[in-house]
Amino acid sequence: IPVQPFDYVVFGATGDLTKRKLIPALYHRFLDGQFDEKSQIIGASRSQLSDADFQQVARDAVTQFVEKDYQDAGVIDRFVKIFSYVSIDVSKPEEAGDLGKKLREDPKIVRAFYLAVAPDLFEPIAEFLAKKKYYRRDARVVIEKPLGHDLASSVEINDGIAKIFNEDQVYRIDHYLGKETVQNLLALRFANALFEPIWNSAHIDHVQLTVSESVGAGTRGYYDESGALRDMIQNHMLQLLCLVAMEPPASDDADALRDEKLKVLRALRPITNGEVSTKTVRGQYRGVKSETAAVAGYQEELPDDKKGSRTETFVALKAEIENWRWSGVPFYMRTGKRMASRVSEICIQFKPIPHSIFDHAEGAPRPNKLIIRLQPDEGVKLMMMIKDPGPGGMRLREVPLNLSFAQQFTERTPEAYERLLLDVIRGNQTLFMRRDELEAAWRWVDPIREAWNHANEPPQPYSAGTWGPSGSIALIERDGRTWYEEN
Ligand code: BG6
């Protein structure tokens with residue numbers, strides 16, 4: 001469904017996020033006819049560029065970051081024409097280019113500001129917009145992590161934005177919520193009658209959330225200040241946990257859903273100083289060398305002034321949700337860089353059968369598992385026990401009931417930003433984090449970091465290309481469980 005025409009102003013127009021994610025995402029939506037030349041994308045940054053220069057930036061971004069099969073010369077020509085540029089340094093408002101000349105006053109044209117800049121610029125930009133009268137009560141502002149490095153700094157960022165924008169105008173991106181399979185979790189849980197009755201501590205033994213990446217992090221400028229807890233757990237992984245654990249909302253209204261997620265975050269049991277060594281593991285990858293290849297460790301990748309850093313590139317932890325539905329059901333989470341492969345996956349492990357009649361069978365019944373694979377090879381698998389075919393007596397085997405999205409659907413899977421950028425225009429905040437959610441997530445994460453600081457221990461080493469430090473295996477095995485890994 002096409003969206004209303006819009007004026008999308010992108011601050012940080014020449015940055016990496018704009019080129020790699022925003023422009024390619026907008027191109028795909030344009031290609032699909034969800035908007036056309038009645039809309040404008042206005043780049044803003046400190047650089048002195050002409051409209052033509054910025055159109056070239058857009059063209060390059062499409063040729064570089066959009067899959068070749070989708071690059072259509074005619075469409076690209078039309079697409080880049082909707083791009084224009086103003087040079088703005090918000091610290092010098094008197095010298096700023098005239099954005100007012102480009103913005104259209106017609107209230108039917110949606111006005112959105114995407115702040116693809118560092119968070120310390122959010123407040124100055126918001127104030128600049130107000131001062132210059134570019135702000136409108138129905139305008140929208142889009143911001144993205146890092147939204148603080150702890151609760152206090154996150155409150156400060158939110159307060160800065162809130163000086164000008166109301167909460168119903170603020171779209172906080174967590175790009176995991178824009179992923180197709182993440183949204184599919186909602187469909188799986190709330191469009192099927194099958195799962196909900198067993199979605200609780202009476203039937204579920206535990207839940208595992210894994211987001212592993214094979215890429216390294218030492219050369220990414222921001223990463224060393226952040227670490228895996230802030231970079232992945234505080235946002236993406238807690239959002240996944242919320243979608244798995246929340247109560248059914250009463251409707252698909254944005255606040256109905258976000259209220260339920262918030263309740264989960266608030267019910268997370270705090271991890272105390274005393275528990276941090278048994279409930280969390282932090283790791284850092286080491287390089288590996290073989291005769292044929294070598295992978296650098298985090299330390300080797302870091303610039304000289306950061307060497308010796310104790311930043312964690314891996315975290316595993318055991319979270320508990322203190323409510324009726326989940327009492328006694330641990331949620332194990334792990335995420336890291338330079339791990340064995342790139343996988344994002346949720347594994348819901350059900351309780352074992354109460355009594356086995358298969359004393360004389362080969363192979364014991366294993367508990368059912370529901371595996372929701374977010375990437376790659378998106379799909380849902382239900383691991384079930386069957387009788388191995390054949391006349392040779394009862395042999396039990398675990399097999400997947402497999403729903404592979406690639407096999408089921410031929411459509412291309414849209415990137416997260418495609419959905420999210422247009423949801424801003426649609427005025428739909430469902431897939432964006434509300435302020436209280438963000439702050440509740442920090443409230444749970446901060447004590448973990450403080451406890452680590454207090455313990456003052458170095459991260460456990462793990463070899464690049466593995467599933468993390470041995471401590472993470474111990475973390476789950478101590479409870480008599482193991483990490484799910486597809487074999
Ligand atoms: C980002 C993190 O938010 O998510 C990165 O800052 C991480 O460190 C990325 O690599 C992972 O996203 P995706 O979509 O590739 O799973």
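**Close-up views of a predicted model**

**View 1. Strands E7 and E12 run parallel.** In E12, Gly336 is the bridge partner of Ser212. Six bridges join E7 (residues 204–212) to E12 (residues 331–336); strands are DSSP runs of E with at least two residues, and helices are runs of H or I with at least four, numbered from the N terminus. The model is predicted: local features need pLDDT of at least 70 and side-chain atom pairs pLDDT 80 or more, while totals for chains, interfaces and linings use all residues. Residues are numbered from 1 along each chain, and side-chain values use heavy atoms, without hydrogens and water.

**View 2. Nine strands form an open sheet with mixed pairing.** The order is E16-E15-E14-E13-E7-E12-E11-E8-E18, where two strands pair if DSSP finds at least two bridges between them. E16 (396–404) and E18 (460–463) are the edge strands, each pairing on one side only.

**View 3. Helix H7 (residues 223–245) lies across E7, E11, E12, E13 and E14.** H7 runs at about 145° to E12 (axes are lines fitted to C-alpha atoms, for helices over the stretch in contact, with angles from 0 to 180 degrees between N-to-C directions; contact means heavy atoms within 4.5 Å).

View 4. Ligand oxygen atoms lie 2.5 Å from a side-chain N or O atom of Tyr176, 2.9 Å from a polar side-chain atom of Arg220 and 2.6 Å from one of His236.

Methods:
Polar contact = N/O pair within 3.5 Å; in protein donor to acceptor, adjacent residues only side chain to side chain.
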